[in-house]
Amino acid sequence: MEIPTGTQCHFSKGLLLSASVLALWIPQDSWADLHIQKIPEPPQKDQDLLLSVQGIPDTFQDFIWYLGEEADGGTRLFTYIPELKRPQRDGSAMEQRDIVGFPNGSMLLHHAQPKDSGTYIVVVTINPSWTMRGKTEVQVTEKHTELPVTHLPMSTGIAAIVIVGSVAAVSLFIGSVAYLLVTRGCKGRSHRMETTGKAELGPSHNSGDKNIYEVMPSPVLLVCPLNTASMDTPTAPPPPPQREPENHHYQELLNPDPAPYCQLVPTP
């Protein structure tokens, strides 16, 4: 049975069109399927930076990390091939960086520096006809240094309150000291007045008495009062009176005075 020539021509064109549509449907490059997470975010100087890739299939051929806007040989950091015994192969852009790749497509940058900032691109080859891509921007910042503590200038109101408070405190202290000195002086003065007042209880010689008094000898022997010191010391007892002889009156009668009135003095 022979197929008509026109039918074969239509069948060949249909098959070619189906193959073309299928080839266009198969994704060759995909940027949206991969997500890169930065840990920590944002990274600081001397910290370890982990670029974790999410969305890679379980099986793939290899992946390559680049540092730069374009993915080429001059920006390649390393290539990771899981099937090899040494899966990681460093590229020209690695230089002195310490980077470790992981089988899940992620990479770890030790001791990140500000010069490591830039665009990081990962290209994952699933098969010869299917490649997945992802990129992220990394900005390594300097460590936050603690600023020195600066004392803000005080406002005029606060300065005035501080000055007034200081003056009031000094005035209160001086007043307290002066009060103590005055009270102590008054107590000492009153004590001295009490002691001197006792000695001046007697009559004063400067009183306004205009009477004239006559000084006459006392017929009785006056004994001066003893001072305080003599009163405190014991005194000797007075001597006993001398006993007159018994014939004293008889002697006066036997020998009378020849001039008994010679001592009388006439009164004017």
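User: Phe78, buried or exposed?

Analyst: Phe78 counts as buried, because its relative accessibility is 0%. Buried means under 20% relative accessible area, exposed over 50%, and partly exposed in between (1.4 Å probe, protein chains only). This is a predicted model, where local features need pLDDT of at least 70 and side-chain atom pairs pLDDT 80 or more, while totals for chains, interfaces and linings use all residues. Residues are numbered from 1 along each chain as its sequence is written, and side-chain values use heavy atoms, without hydrogens and water.

User: How many aromatic pairs are there?

Analyst: Three. In one of them, the ring centres of Phe63 and Phe78 are 6.3 Å apart and the planes stand at 80°, so the pair is edge-to-face. Rings of Phe, Tyr and Trp (its six-membered ring) pair if their centres lie within 6.5 Å; planes under 30 degrees apart are stacked, over 60 edge-to-face, the rest tilted.

User: Where do Phe63 and Phe78 lie?

Analyst: Phe63 is in strand β4 and Phe78 in strand β5, so their pair ties together parts 15 residues apart in sequence. Strands (E) are DSSP runs of at least two residues, numbered from the N terminus.

User: And how do Phe63 and Tyr80 pair?

Analyst: They are stacked, at 5.0 Å centre to centre with 15° between the planes. Tyr80 is buried, with a relative accessible area of 8%.

User: Changing topic: where is Glu69?

Analyst: Glu69 sits in the loop between β4 (62-67) and β5 (76-80). Its relative accessibility is 57%, so Glu69 counts as exposed.

Definitions and conventions
Helix = DSSP H or I, 4+ residues; strand = E, 2+ residues; numbered from the N terminus.
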